Amino acid sequence: MKSDLDYEALAHQFWKQGYLLIENFFDPSLMDEYNQAILDHYGVDPAFFHNDEFLQKASTEVIPWFPQAEGCTLFNQVEQDGRLGFLTEKILGEQWQALYCMTMFSKKGTKGQAWHQDCEPDDASQFNVNRLVYTHDITPQMGGQTLVVPGSHKRGVITVGEPDEVFVDQLVISPKKGTLLLLHGHAWHRVLPVNGQYRVSTNYRCMPKGVAESVTDICVYRNMRYKFETNTVVEDRTATA
Ligand SMILES: O=C(O)CCC(=O)C(=O)O
Ligand SMILES: [Fe+2]
């Protein structure tokens, strides 16, 4: 477990790149506990949560679970990690707020996630930050790597185009068990198709002071803006391209 962190330098890096990757951040045995709890929750063949329209239009096949909302106290441990809190404070300022903890499960042979921004980038001050915790290794053989375009958190709305386009400046991240990945909600990111048995990630979302709790309700894809609260396409971006 890492303890000798230069928080100032890490926060600077986050703001420059729109993401921050720290390997071996979490204790491997805690990661094993998390991974088992997640697998126990989903079981062997979980059903999709989103409706068919979303699955098809968003080219995104992940099943979310909000363990803390169901009283699963194991998931408080990462939330209460002093180093994570301190790093978050260095990045977002003293009065940052936690949003929710969400795990995401992908079955073998599913698409992963298309390019997206977690929230609308029209106002640079309104954003979430993902604090992603990986509880098992994600390898090139298994697929499911996380892709990000460095610096794209400052580039405004993601371009209209193919959901799985290869960007020349994309970075492919293969997180290992215990890796922490911080990702700005306006950064362009996606998840590659999953060939391994399964893929899971756990996300402790947060935001700066003054951002509405509904900030992640509308997600921006290359072909649409989608509102989760009502399960509706609120903008067809291909129509105006
Ligand atoms: O699971 C990942 O690696 C990234 C998931 C994602 O897009 C998100 O948490 O917003
Ligand atoms: Fe995302």
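This is a predicted model: local features need pLDDT of at least 70, side-chain atom pairs count only at pLDDT 80 or more; totals for chains, interfaces and linings use all residues.
Figure 1. Let us start with the overall picture. Along the principal axes, the C-alpha atoms fill a box of roughly 50 × 40 × 35 Å. The radius of gyration is 17 Å, which agrees with the value near 18 Å that a compact globule of 241 residues would have. Of the 241 residues, 51% are buried. If you take the contacts between residues at least 6 apart in sequence, 82% of them join residues at least 24 apart. As for charge, there are 21 positive and 31 negative side chains, and the centres of these two sets lie 4 Å apart.

**Figure 2. The iron ion (ligand 2) and its protein donors.** Here you can find His116 (NE2), Asp118 (OD) and His189 (NE2), lying 2.1 Å from the iron ion. Read along the chain, the donors follow the spacing H-x1-D-x70-H. His116 belongs to strand 4 (residues 113–117) and His189 to strand 9 (residues 189–191), so this pair ties together parts that are 73 residues apart in sequence. Are these two histidines, His116 and His189, buried or exposed? Both of them are buried.

**Figure 3. Helix 5 (residues 82–92) and what covers its buried residues.** After helix 5 comes Gly93, which has a positive phi, near 95°.

**Figure 4. Glu165 in its loop, together with the residues it contacts.** The loop that holds Glu165 runs between strand 6 (146–148) and strand 7 (171–173). With a relative accessibility of 32%, Glu165 counts as partly exposed. Which residues does Glu165 contact, leaving aside its neighbours within four places in sequence? They are Trp115, Gln170, Arg190 and Arg222. For Glu165 and Trp115, the separation is 50 residues in sequence and 8.1 Å in space, C-alpha to C-alpha.

Methods: Residues are numbered from 1 along each chain as its sequence is written. Chains are lettered from A and ligands numbered from 1 in the order in which they are written. Side-chain values use heavy atoms; hydrogens and water are left out. Donors are N, O and S atoms within 2.8 Å of the metal (3.2 Å for Na, K and Ca); water is not among the atoms, so sites may look incomplete. Helices (H or I, at least four residues) and strands (E, at least two) are DSSP runs, numbered from the N terminus. Buried means under 20% relative accessible area, exposed over 50%, partly exposed in between (1.4 Å probe, protein chains only). The radius of gyration is taken over C-alpha atoms; the globule rule is 2.2 Å times the number of residues to the power 0.38. Contact means heavy atoms within 4.5 Å. Lys and Arg count as positive and Asp and Glu as negative; His and the chain ends are not counted. The place of a charge is taken as NZ of Lys, CZ of Arg, CG of Asp or CD of Glu.
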